[in-house]
Structure formats: C-alpha cells, structure tokens
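The entries below follow the order in which I looked things up.

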Amino acid sequence: MQSRSVAIGGKLNRIQAALEASDAVQCGMCFPGMVVSLTHLLATRREATRDEIRAALTGNICRCTGYERIVDATLLALAET
Ligand code: FES
C-alpha cells in the first residue's frame, strides 16, 4: 500500500488532514509509512491510547519532529470519528 492510495477521491483522508493541521509534517521523509500505519490504526482501533498510537508507529522513524505532534494529530483524527 502506498500513502497516496489512502487518500479519498484525491482528498486527504482524516489522518493526513490531521497531520497537516497539527504541523506534524516537516521534511516528509517518514510520512508515507506514518500515514499507512496510522490509517490502519484508525480503521481498526477507534479508541487508541497514546501508548497504542506509539506502538502502531514502531518501525517508522522520524528524525525531524519527534512523535508528540504525530500522536496529537492521531488523537485529533480519532476524536473526529
Ligand atoms: S518529518 Fe522528517 S523524518 Fe519525519
């Protein structure tokens, strides 16, 4: 799966929009993997905790932002479901 394929009709999906709104994207190098992992999490675990979000990101290494904004964006996307 590619991160582009999770967009809906050419529009950002919930997690993509939340990551953008939360200023969680910097260089973008890590984001294809982040988007795919978090899209799966949102589809399968609607009440994910911060720890579960961090666990879902295991294997995706961001060298720019740390993970706080990414986790915050995921919680925002979950709250909008
Ligand atoms: S945004 Fe640069 S590595 Fe994650």
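I began with burial, and found that 31% of the 81 residues of the chain count as buried; I keep in mind throughout that this is a predicted model.

Next I checked the overall dimensions. For 81 residues I would expect a compact globule to have a radius of gyration near 12 Å, and the chain comes to 11 Å, which agrees. Taken along the principal axes, the box filled by the C-alpha atoms is roughly 30 × 30 × 25 Å. I also looked at how far along the sequence the contacts reach: among those between residues at least 6 apart, 64% join residues at least 24 apart.

**Secondary structure**

I counted 4 helices and 0 strands, and reading along the sequence I noted the pattern α-α-α-α.

**Helix H1 and what covers it**

I then asked which residues of H1 are buried. I found Arg-14, Ile-15, Gln-16, Ala-18 and Leu-19 on that list, and when I looked for what covers the buried residues of H1, I found that the cover includes H2 and H4. As a reminder to myself, residues three or four places apart in an α-helix point the same way, because there are 3.6 residues a turn.

Ala-21 also lies in helix H1, but I recorded Ala-21 as exposed, because its C-beta neighbours inside 10 Å number 12, and 12 or fewer is the range for that class. From the C-alpha atom of Ala-21 to that of Leu-76, which is 55 residues away along the chain, I noted a separation of 9.5 Å.

**H1 against H4**

For the packing of H1 on helix H4 (residues 68–79), I noted an angle of about 130° and a distance of 8 Å between the axes. That makes H1 oblique to H4, and I recorded the crossing of the two helices as right-handed. On the H1 side I found Arg-14, Ile-15, Ala-18 and Leu-19 making the contact, and on the H4 side Ile-70, Ala-73, Thr-74, Leu-76 and Ala-77.

Setting aside neighbours within four places in sequence, I listed Ala-18, Leu-19, Ser-22 and Ala-24 as the contacts of Ala-73.

**H1 against H2**

I then turned to H1 and H2, which pack at an angle of about 120° with their axes 9 Å apart. That makes H1 oblique to H2, and I noted that H1 passes H2 in a right-handed crossing. The residues I found in this contact are Arg-14, Ile-15 and Gln-16 of H1, together with Val-35, Leu-38, Thr-39 and Leu-42 of H2. Their division is 4 nonpolar, 2 polar and 1 charged. Going back over my lists, I see Arg-14 and Ile-15 in the contact with H4 and again in the contact with H2.

I looked next at Asp-23, which sits in the loop between helix H1 (14–21) and helix H2 (31–44).

**Arg-54 in H3**

My last entry concerns Arg-54, which I located in helix H3 (residues 50–56). Because 14 other C-beta atoms lie within 10 Å, I recorded Arg-54 as partly exposed. Leaving aside neighbours within four places in sequence, I found Arg-54 in contact with Tyr-67 and Val-71. I also looked up the separation between the C-alpha atoms of Arg-54 and Leu-38, which are 16 residues apart along the chain, and noted 9.9 Å.

Methods: Residues numbered from 1 in each chain as written. Predicted model: local features only at pLDDT ≥ 70, side-chain atom pairs only at ≥ 80, totals over all residues. Rg over C-alpha atoms; globule rule 2.2 N^0.38 Å. Buried ≥ 20, exposed ≤ 12 C-beta atoms within 10 Å, placed from the backbone. Contact = placed C-beta atoms within 7 Å. Axes fitted to C-alpha atoms, helices over the stretch in contact; angles between N-to-C directions. Parallel < 35°, antiparallel > 145°, perpendicular 65-115°, else oblique. Left-handed = near helix turned anticlockwise from the far one by under 90°. Nonpolar A, V, L, I, M, F, W, Y, C, P; charged D, E, K, R; others polar.
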